[in-house]
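Look at the sequence and the structure first.

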Amino acid sequence: MAAAFGVWEVKFPSSRAVYDEEDDEEEELSTLENESESAEFHWRPWDVDQKPLPSHCSLLVLAIGEVAATFVEAHYLSAGSEIVAYISSKKSDEIDFKKFCSPLKSGETSCLYRLTTQHDDDSAVLCQCPTPVPQEKAFHWTEKLLENLKPSKVVILSSAPACDYHTNTPENLKSDFVKVLKTDSWLEKFSQKDCSFLETPNIISGVAASVLQYCQIHNLAAALFVCFMESSCVDSQSVETFKFLLNSPPLNCLRQASGEQVTKVLKSLRSGKLIEMNMYM
């Protein structure tokens, strides 16, 4: 270490222990930065006998968290679906498509499914993300997803504990309710009976906010629907809070599962699956 002193240079004794500590801190910061940028996107290996992979899609539905993931599982995926890609929040040297899309990998992997519309248009894609993406990885995760898919319109479904919702009239709230945020390019109308815009000072964070912000910056039509739920477990009441969207554009153009298929998925929730919530128990 040296310090300038007039025209001379005065050298001070150094401690190797100090340098080692500084090097360790720099190495730790570098490791954290690399981990935050480790989101990976992989298409399914393409077969000439299969339909082309949807690198451009007219509609992307993003289901974040257990409540939203269960909703799309019941009303869309239970009818049968085709996995076309996956995005992982953890870097890996191994690329085994079937292994990464297995239920055992669901904690770090989000699967993307091809959806069919009523007009036989296969350009709709659903991304099911049961486990929220870590905050530090949300930006790079969002970039990986939207740079590979290039959607024309995006619908985001998410959930949050009702105790995080701020209002001056809590007595007027339902036990579970939906609020919405949208980009300037979104032109679809909402029914005030089913949902209303999220008021200040309420905020949204995580990958849902990251995707909505990306869409706003890139002039994409996008809407974020957030279910504020009272229970700390996933149940049919919280899941079906999104049900009004089935008859609202643009989700009303998607082919839905039958009543029996929906009921089968919802019955599996009777035991109640505990989810992470920011509240004291």
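**A helix and some charged pairs**

Q: How many residues does helix α4 have, and what span does it reach?
A: Helices (H or I, at least four residues) and strands (E, at least two) are DSSP runs, numbered from the N terminus. Helix α4 covers residues 138-149, which is 12 residues.

The model is predicted: local features need pLDDT of at least 70 and side-chain atom pairs count only at pLDDT 80 or more, while totals for chains, interfaces and linings use all residues. Residues are numbered from 1 along each chain as its sequence is written, and side-chain values use heavy atoms, with hydrogens and water left out.

Q: Where on helix α4 do its buried residues lie?
A: Buried means under 20% relative accessible area, exposed over 50%, and partly exposed in between (1.4 Å probe, protein chains only). In α4 the buried residues are A138, W141, T142, L145, L146 and L149. Their directions, taken from the helix axis to the C-beta atoms, fall within an arc of 110 degrees, so these residues line one face of the helix.

Q: Which elements do the buried residues of α4 pack against?
A: Contact means heavy atoms within 4.5 Å. By that rule the partners include one helix, α5 (206-217). The strands are β3 (40-43), β4 (59-64), β5 (82-88), β6 (109-115) and β7 (124-129).

Q: Is T70 buried or exposed?
A: T70 lies in helix α2, residues 65-75. Leaving out residues up to four places away in sequence, T70 touches V234, V239, V265 and L269. Its relative accessible area is 11%, so T70 is buried.

Q: How far apart in the chain are E82 and R44?
A: The side chains of E82 and R44 meet in a salt bridge. E82 is in strand β5 and R44 in the loop between β3 and β4, so the pair links distant parts of the chain, 38 residues apart.

Note on methods
Expected span 1.5 Å × (residues − 1). Salt bridge = Lys/Arg side-chain N within 4 Å of Asp/Glu carboxyl O.
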